[in-house]
There are 2 protein chains.
Amino acid sequence: MNSNEKNKSFKSFILITVIQVLSAYYLYRFFFIPPDMPALDTEQWWGPYPMDLDHDKSIRPLTIEFSDVMINDLRERLLHRRPLQPPLENVGFTYGFNPRYLNQVMEYWHNKYNFKEREQFLNQYDHFVTNIQGLDIHFMHIKPKNVAGLEVVPLIMLHGWPGSFREFYDVIPYLTAEQPEQKIAFEIIVPSLPGFGYSQASVRPGLGPAEMAVIINNLMKRIGHDKYYIQGGDLGHTVGSIIATAFPENVLGFHTNFPVLLSHRAALLYITCGSLIPSLIETKELQPRLYPLSEHWSRLIEESGYMHIQATKPETVGVGLSDSPAGLAAYILEKFSTWTNPGNKKAGDGNLLKKFSLNQLLDNLMIYWATNTVTTSMRVYAESFNEKQNFLIFDRIPTNVPTWGIKFKYELMYQPDTALSFKYKEYLQSTVVEDGGHFAAMEYPELMAKDITQAVIKFQKFWNFEKQESNEAPPLHETARTVYEFTVKSINGRDVKLSDYKGNVLLIVNVASQCGLTATNYQQLNELHEKYHQKGLRILAFPCNQFNGQEPGTAKDILNFTKDRGVKFDLFEKVDVNGDNAHPLWKFLKKAQSGTIGDFIKWNFSKFVVDRNGVPVERYAPHVNPLDLEKDLAKYW
Amino acid sequence: MNSNEKNKSFKSFILITVIQVLSAYYLYRFFFIPPDMPALDTEQWWGPYPMDLDHDKSIRPLTIEFSDVMINDLRERLLHRRPLQPPLENVGFTYGFNPRYLNQVMEYWHNKYNFKEREQFLNQYDHFVTNIQGLDIHFMHIKPKNVAGLEVVPLIMLHGWPGSFREFYDVIPYLTAEQPEQKIAFEIIVPSLPGFGYSQASVRPGLGPAEMAVIINNLMKRIGHDKYYIQGGDLGHTVGSIIATAFPENVLGFHTNFPVLLSHRAALLYITCGSLIPSLIETKELQPRLYPLSEHWSRLIEESGYMHIQATKPETVGVGLSDSPAGLAAYILEKFSTWTNPGNKKAGDGNLLKKFSLNQLLDNLMIYWATNTVTTSMRVYAESFNEKQNFLIFDRIPTNVPTWGIKFKYELMYQPDTALSFKYKEYLQSTVVEDGGHFAAMEYPELMAKDITQAVIKFQKFWNFEKQESNEAPPLHETARTVYEFTVKSINGRDVKLSDYKGNVLLIVNVASQCGLTATNYQQLNELHEKYHQKGLRILAFPCNQFNGQEPGTAKDILNFTKDRGVKFDLFEKVDVNGDNAHPLWKFLKKAQSGTIGDFIKWNFSKFVVDRNGVPVERYAPHVNPLDLEKDLAKYW
């Protein structure tokens with residue numbers, strides 16, 4: 001090779017390397033970097049305008065009522081329902097709800113379903129409504145009776161579609177039965193999600209699962225619970241998961257019977273790659289629940305027609321269902337057959353009564369019928385798959401709330417724990433059940449109650465682990481969920497609780513006086529402070545001498561240095577940021593926002609952005625100048 | 001390089017070449033080789049068993065009747081319809097049919113729609129039923145009055161979903177108006193597709209679009225039309241296209257207002273690649289109808305929820321629609337808004353009355369309501385996307401039936417002519433319309449009538465081109481659709497009409513006595529003949545001396561040669577198979593089944609398989625031994 005050739009060859013080498021690094025970075029970003037937490041307005045108004053700022057915030061009792069007028073009208077409709085065309089020969093439920101069997105269900109509803117008795121049954125628990133963000137939100141509230149010596153554990157249980165608060169009637173007695181050996185007593189809250197049953201629907205577009213999560217969290221605060229446990233499946237899982245992601249400070253644990261990530265790219269990539277060597281990601285016994293993926297997907301396609309039409313035309317499909325009880329029954333009860341076990345399709349009666357009673361099923365149906373809410377309930381699909389698709393974004397943001405899943409054999413989707421832990425950083429356990437389907441609380445109430453209890457005990461242990469085991473608290477940086485849990489020392493040696501910064505956007509940075517980056521950084525940090533202090537930006541600077549000894553001075557030296565530069569932002573005591581002696585806050589920051597090559601801080605002037613909820617949401621390397629952050633920070637002002 | 005290295009290098013070269021050739025071949029096959037024509041049983045019985053072999057084949061008159069009982073029941077349901085939840089604020093039709101506007105439509109249906117007058121209106125054309133394959137099939141039959149000097153042109157018009165025979169009421173008067181300058185008079189047949197309106201539904205699974213095509217073709221034969229023209233859109237397009245593909249001998253021309261290939265791989269690849277340089281495949285004016293593909297697809301996803309649910313759960317979604325007139329109206333009329341123009345979604349009334357009258361729309365709805373057939377009509381989606389998916393396979397098989405499309409601006413899908421000609425080998429023309437949507441016959445009846453007339457005239461010219469222009473027939477191999485149109489000479493010099501072979505599977509082969517392949521081929525052809533003659537296989541051998549002069553002898557020589565070998569299959573006169581003097585049959589065979597590198601015959605013992613309808617369906621190269629065909633032929637026995 002002559003030197004010209006060498007030069008060319010070197011250029012090619014550089015070019016190829018650059019392309020490889022860039023594509024690796026892009027792929028890494030696409031699959032592994034969580035998106036920004038979508039902004040949620042915790043006071044968004046969903047009722048009619050003008051907004052009533054002083055609206056009634058009281059909690060009012062509610063009685064479920066099946067009025068005679070409604071019952072007579074319903075019976076008329078059932079009696080005069082139009083004859084259905086006979087089904088194709090021997091198709092069972094494979095073309096949908098078998099019309100021959102539907103006739104039997106309608107007969108029962110008309111002649112045997114005891115409306116007044118069922119009304120009483122539904123009223124066995126106390127019902128309430130309270131206005132949240134302009135909407136009357138309904139909930140059941142079951143308080144434990146004998147709590148002497150027991151820890152009262154607040155648990156919210158979130159229903160799905162096409163379920164309702166009725167889903168939990170059979171599980172509640174097991175949960176509230178005295179369990180002295182467990183030392184806990186459940187206080188249970190079961191809301192109707194907005195637009196469902198006795199909760200009002202929004203009057204304008206936009207109330208999707210993330211907005212429901214805000215309302216539900218506000219409801220729990222209204223009831224008086226700042227810290228609580230969540231149980232949910234189906235839509236209840238989605239809403240619960242978003243609460244655990246957006247409001248981790250309020251959630252002590254999340255129990256889900258729909259442990260599924262719908263849009264977590266890395267998890268889905270992992271599952272897809274796993275189809276090559278399934279044994280790498282799932283045990284032999286459980287592999288058939290996931291692989292071959294084609295079977296998994298073809299069941300999903302077969303079962304997702306309702307979702308497709310509800311996501312695009314809820315008003316259209318809703319009319320026939322709110323005008324015809326037979327239409328509503330076929331549409332909703334079909335799910336209780338096919339989602340409980342795909343094999344049920346082959347039976348002429350869909351094996352409906354194998355796991356459920358008609359009273360159970362019709363109670364749930366009555367909640368949709370009596371309140372005429374099937375259309376409003378279906379709108380949540382349109383609000384999910386709208387342009388924002390918030391609920392899919394939240395699926396990709398990790399949470400440290402301890403999470404526990406229960407996996408029933410015939411649930412619509414299955415994912416291995418290793419995939420779930422892409423999002424649920426503290427995914428504690430999965431209970432694997434060799435039967436059961438989508439409506440687990442109604443199908444296996446006792447088993448569900450036991451599992452929820454076990455989960456809550458495990459969640460408690462998770463939080464108290466060190467206390468219980470050795471009276472020594474676990475390191476705070478392991479358990480903390482926000483920076484507000486830390487206390488630091490100001491440069492003058494005064495204790496500063498970071499919770500004092502609640503509601504501010506924080507820029508936390510390790511500084512040094514003798515670094516090549518010092519001049520630019522101090523100057524631009526000052527500039528940022530000037531521009532955005534008013535809007536809520538707080539800059540927290542921690543001197544650190546760990547990088548080439550470029551911050552050797554005392555607190556006084558540092559104060560003099562910064563005074564000369566006109567620094568007005570907050571300075572703290574010199575700390576270590578790397579190593580065992582690193583300050584717990586910095587250990588926490590590094591854990592929450594890991595770096596590109598490793599967690600450790602690379603040099604002076606590493607920068608962390610903490611959002612208004614106290615969650616570290618972004619990390620910038622030392623070479624990124626403070627003013628470069630302006631664009632990213634703009635979303636907070 | 002030492003010889004070992006050379007050897008390695010050569011091996012790599014061979015390996016890479018083999019891989020390249022194989023993948024090229026695989027891709028070519030995947031995209032460009034049409035699948036085998038699915039077998040269609042032209043006598044399949046869809047009525048209840050026992051099958052009635054001597055069933056009534058008469059054509060009986062039918063009167064559309066809106067009985068008082070039905071009208072009173074319907075009015076009751078309209079009067080007592082359940083109040084709908086108010087729509088979200090300012091959403092128009094974007095969440096589906098706006099419930100506020102639905103109330104107005106219901107008012108009109110209840111109070112202003114004149115049932116008796118509309119019944120008369122629908123009876124203005126003569127209606128009939130006749131039993132085909134066990135099902136009573138309804139059709140309108142409009143015969144021309146003054147036909148002196150005019151050619152009577154039979155035209156079948158096929159409705160879609162959620163349409164009916166009502167779609168064509170406005171277009172028929174324009175078609176049947178005397179058009180003496182055109183020298184044609186339309187005889188119009190408008191059936192209800194099986195399961196729609198006044199045509200019975202199958203009692204068992206399996207009646208999809210391809211099976212409908214069989215029934216419709218049998219209907220036309222029953223009425224007395226062996227050769228006819230087809231018009232169709234939506235499902236009517238699909239059924240019409242399958243008739244033109246499976247029964248080309250019966251179809252003189254196909255006019256479609258839904259010119260779309262749903263599953264033609266090469267066409268879809270072509271359109272996808274075209275998105276890189278749209279100007280290569282479509283004019284600048286028309287590009288926005290197709291590109292960007294993402295917009296095209298997102299509209300399709302938005303508009304295909306109904307299809308997803310009907311393909312998977314028609315019985316489930318059908319109940320509410322057959323029990324509730326409001327439900328049916330919302331479900332069906334929404335399509336007349338959004339499929340006519342996507343912009344209509346923004347209007348509170350969906351701009352429904354901008355292009356249609358409520359009488360028009362409710363007439364169509366009444367056909368579903370009075371016959372209670374909405375569920376049976378929706379089953380065709382489940383039968384389309386079942387395991388066989390015949391209708392998608394037919395989409396990939398080319399047809400030589402002349403085809404003409406009319407492209408309305410807001411049709412749900414758009415494809416350029418160059419893509420359409422992948423399937424429609426004689427795609428004569430597209431009419432481009434700068435307005436209009438999916439229900440063109442109702443929206444633009446006059447324009448549709450003119451376009452159909454022009455198309456039929458062009459189809460006639462296509463068939464008579466040479467006759468009209470110069471009294472000389474076009475070469476038969478250009479116009480023929482089956483081998484039955486050819487006459488050949490037996491080896492004894494006798495004329496043999498190939499139509500004598502109707503119903504047989506034919507293996508046509510060019511033979512020679514002195515070729516390296518001779519011994520194996522004659523022996524194995526004999527064997528095939530022995531085994532499959534009984535089952536309908538006929539082997540037609542054409543001696544040919546064009547390959548290295550290996551068939552130099554006279555007819556007598558050849559006869560002696562074959563006698564020695566115990567040949568019992570059919571021998572014909574020596575012919576040319578390549579060049580201008582090639583026998584027309586061979587020109588036709590080569591055109592119908594082109595070869596891998598070029599159309600020409602490569603050597604002695606090239607083999608063509610012709611199916612029981614006379615269509616060449618497969619071609620095998622000389623080196624493929626006759627017994628190798630056994631597997632492929634198995635499907636015919």
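In chain B, B:Asn548 lies in the loop between β13 (537–543) and α22 (555–564), where helices (H or I, at least four residues) and strands (E, at least two) are DSSP runs numbered from the N terminus. Although B:Asn548 is not a glycine, its phi is positive, at about 60 degrees, and with 63% relative accessibility the residue counts as exposed; here buried means under 20% relative accessible area, exposed over 50%, and partly exposed in between (1.4 Å probe, protein chains only). This is a predicted model, in which local features need pLDDT of at least 70 and side-chain atom pairs count only at pLDDT 80 or more, while totals for chains, interfaces and linings use all residues. Residues are numbered from 1 along each chain as its sequence is written, chains are lettered from A and ligands numbered from 1 in the order in which they are written, and side-chain values use heavy atoms, with hydrogens and water left out.

A positive phi of about 50 degrees is also found at B:Gln133, which is not a glycine. B:Gln133 lies in the loop between β2 (127–132) and β3 (135–142) of chain B and, at 7% relative accessibility, counts as buried. Most residues other than glycine have a negative phi, and most peptide bonds are trans. The bond from A:Trp161 to A:Pro162, however, is cis, with omega near 0 degrees, and A:Pro162 is found in the loop between β4 (151–158) and α5 (172–176) of chain A. In chain B, a cis peptide bond with omega of about -5 degrees joins B:Tyr291 and B:Pro292, the latter lying in the loop between α8 (265–274) and α9 (293–303).

The domain assignment of chain A, with bounds that come from an automatic or database assignment, gives domain 1 (60–462) and domain 2 (476–636), and the C-alpha centres of these two domains lie 44 Å apart. Helix α11 of chain A (residues 314–323) is mostly covered, ten of its ten residues being buried; among them are A:Pro314, A:Glu315, A:Gly318 and A:Asp323.

A nonpolar core is taken as a set of buried Ala, Val, Leu, Ile, Met, Phe, Trp, Tyr and Cys residues joined through side-chain atoms within 4.5 Å. Of the 268 residues in the largest such core, A:Trp109 and B:Trp109 touch the most other members. Apart from that core lies another, of 28 residues, including B:Leu507, B:Val511, B:Val567 and B:Tyr636. Leaving aside neighbours within four places in sequence, A:Trp109 is in contact (heavy atoms within 4.5 Å) with several residues, including A:Leu74, A:Phe115, A:Pro325 and A:Met366.

B:Asp451, placed in helix α19 (residues 445–470) of chain B, is buried yet has no salt bridge, the nearest side chain of opposite charge being that of B:Lys458, 10 Å away. A salt bridge requires a side-chain nitrogen of Lys or Arg within 4 Å of a carboxyl oxygen of Asp or Glu; Lys and Arg count as positive and Asp and Glu as negative, whereas His and the chain ends are not counted. With residues up to four places away in sequence not counted, B:Asp451 touches B:His255, B:Trp404, B:Ile406 and B:Thr431.

A search of the whole structure finds zero disulfides over all chains, a disulfide being a pair of cysteine sulfur atoms within 2.5 Å. A:Cys544 is in no disulfide, and the nearest cysteine sulfur, that of A:Cys515, is 11 Å away; at 0% relative accessibility, A:Cys544 counts as buried. In chain B, the sulfur of B:Cys544 is 11 Å from the closest cysteine sulfur, in B:Cys515, which is too far for a bond, and B:Cys544 is buried, with a relative accessible area of 0%.
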